[in-house]
Amino acid sequence: MTSVSSTSSSTSSGVTVTTSGTTNSSSIDWSALIQSAVDAKTAQADTISTTITSNEAKISAYQTLQTDLQTLYSGLSSLSTAVINSLSTSAFATRAASISSTGDVSASSALSMTIKNGAAIGDHTLTISQLATAHKVSGSAQSSQTDELGYSGTFSIGLSGGAASDITVTSTMSLQDVVDAINAQTSTTNVQASIVQVSSTSYQMVLTGTEDAADITYSSTSGDDIMSELGVTDSSGTFANVIQEAQSAEFTLDGISMTRDTNDISDVLSGVTFSLLQATPEGTSLNISIETDTSQIESALQTFVTNYNAFRDEVIAQQATATDGTADSSAVLFGDGTMRNIMDALQNALNSTVGDMTMADLGLSFNENNELELDTSTLSEILSTNLSGVTKLLSAQTTTSSSQLSVVNTGTSPQSFTLDLTVDSDGNLTSASVGGDSSLFTVSGTTIIGASGSIYAGMAFTYGGSTSQSIAVTSTTGIASQIYQIAKNYSSSSGALQTQITSLTNRDDELQQKVDDINSAASTLQSQLQTQYAKYQAAIESANSTLDYLKALLNSSSSD
């Protein structure tokens, strides 16, 4: 008989099985077979995932450009328009004042000023005859501020021309209690009380008006005459000790004499508040000069240079090449058309000529690294000699053909057009239209505002006329306003950069779904193969068992 030997091994997972015998052998790596089949299935998913990763890098780069442009136009907002009024945030509307003196008087000791945007520019001369002062009176000395006074009564106190309040005093109240009772009504009476300690055994109550140029009024209404008992008034009801008389401020501005009941005067020059600090001696005067605060323009231009170069540096980084002349691995937007269009638009704006002036007149130039630089000395010089030219070169400006139509705001994208105004028989403005379309502007009283979403959005006017008429509106756009609009449009939620970001994001969502589908199919295939190969292994194990049985039979026959 033929002798047959056999060995077998198996794993419970059904993944690896080896059989061998003297006449045949077989070794199968089921795990490798399954993984090979799964890898073939997921290879496409890996390729798609690489595309997704590449798109994500582009999205990130677009978002960086978007953020840089938003910073750029935000920093230019104060230069993009030259509207001059108290609400304007334009750098051209900011004001600064200088104060000097003629004669023996310190300007800073005599006057301080605050100025709102849009205040009228000009020079003025001021003299101060007297300051406005508050009424202040005191009582007689009291031996204690905390002992009971023993007085009971009610009195009325206030300021001349204002409201008064009744104050009730009981016999158990001290001097401090009376002061506290008066001060509890100060918001109504505008009279404030305090205690002055003259010595360790001498205390006096002081009454002070909280408003200038108004006398304190007092009357005893019942019981003890409290103010008389405390020595504030005499037997006739007159204040016994007047520390300071109430008086108005008296001053002369540009030769015009004026009187005010306060030292903080805001109703003489529009947008200007004078704070009178001391009277000017005879023969002296204060010289006031109100001008555009050009330091705000300089600061805004320096910010622009910084923000422009930051955007430009990001663009340069996206144009970097490797040593072999191909695009650098980090330059994920190399050759990108949108990025190139933005740079072209910005450079065209920078190279604009407006009113025979260019950016070089401001001290702006490109250095050897093609970075924008600002010569502050050149800028300072042109601001002092031709501010109007600088304003026109940089900002958006709007003028009208009629003095009855005043510009309140130009907007950031000003338009030139003819505005047709309709006034009813009562002289009321009823509509404002362009080319017959009245929906482009809204009318409220005498105010005309460009409709939101229209090309006139942001523009605003006031009309002082009483008849219907057509008025030409002419606008010019400077370098800053051009760049502002370019940067804003490209970086907006509907701009070209966001369009690219949205497109790539949507594409990645579609690709990720494909990856998920492929991986899901590969997982299903893996499960199917594991089940199928387990059956194969079971068959092999059954064959091995049969082989063992046959071997036993053969060995048994041989021994017989």
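How many bridges join β5 to strand β17? The first legend gives the count. This is a predicted model, in which local features need pLDDT of at least 70, side-chain atom pairs count only at pLDDT 80 or more, and totals for chains, interfaces and linings use all residues. Residues are numbered from 1 along each chain as its sequence is written, and side-chain values use heavy atoms, with hydrogens and water left out.

**View 1. An open sheet of three strands, in the order β5-β17-β16.** The pairing is antiparallel. Five bridges join β5 to β17 (residues 272–276). Threonine 114 stands opposite threonine 273 in β17. The edge strands, β5 (111–115) and β16 (264–265), each pair on one side only. Strands (E, at least two residues) and helices (H or I, at least four) are DSSP runs numbered from the N terminus; two strands pair if DSSP finds at least two bridges between them.

**View 2. The salt bridge between arginine 260 and aspartate 267.** A salt bridge is a side-chain nitrogen of Lys or Arg within 4 Å of a carboxyl oxygen of Asp or Glu. Here the N to O distance is 3.0 Å. Arginine 260 counts as partly exposed at 22% relative accessibility, and aspartate 267 counts as exposed at 53%. Buried means under 20% relative accessible area, exposed over 50%, and partly exposed in between (1.4 Å probe, protein chains only). A search of the whole structure finds three salt bridges.

**View 3. The salt bridge between arginine 312 and aspartate 313.** The closest N and O atoms are 2.7 Å apart. Arginine 312 is buried, with 8% relative accessibility, whereas aspartate 313 is partly exposed at 36%.

View 4. Glutamate 510 has a relative accessible area of 45% and arginine 507 one of 37%, so glutamate 510 is partly exposed and so is arginine 507.

**View 5. Alanine 213 and aspartate 356, each with a positive phi.** Most residues other than glycine have a negative phi. Alanine 213, with a phi of about 60°, is found in the loop between β11 (202–209) and β12 (216–223). Its relative accessible area is 24%, partly exposed. Aspartate 356, with a phi of about 65°, lies in the loop between α7 (337–350) and β19 (364–366). Aspartate 356 counts as exposed at 76% relative accessibility.
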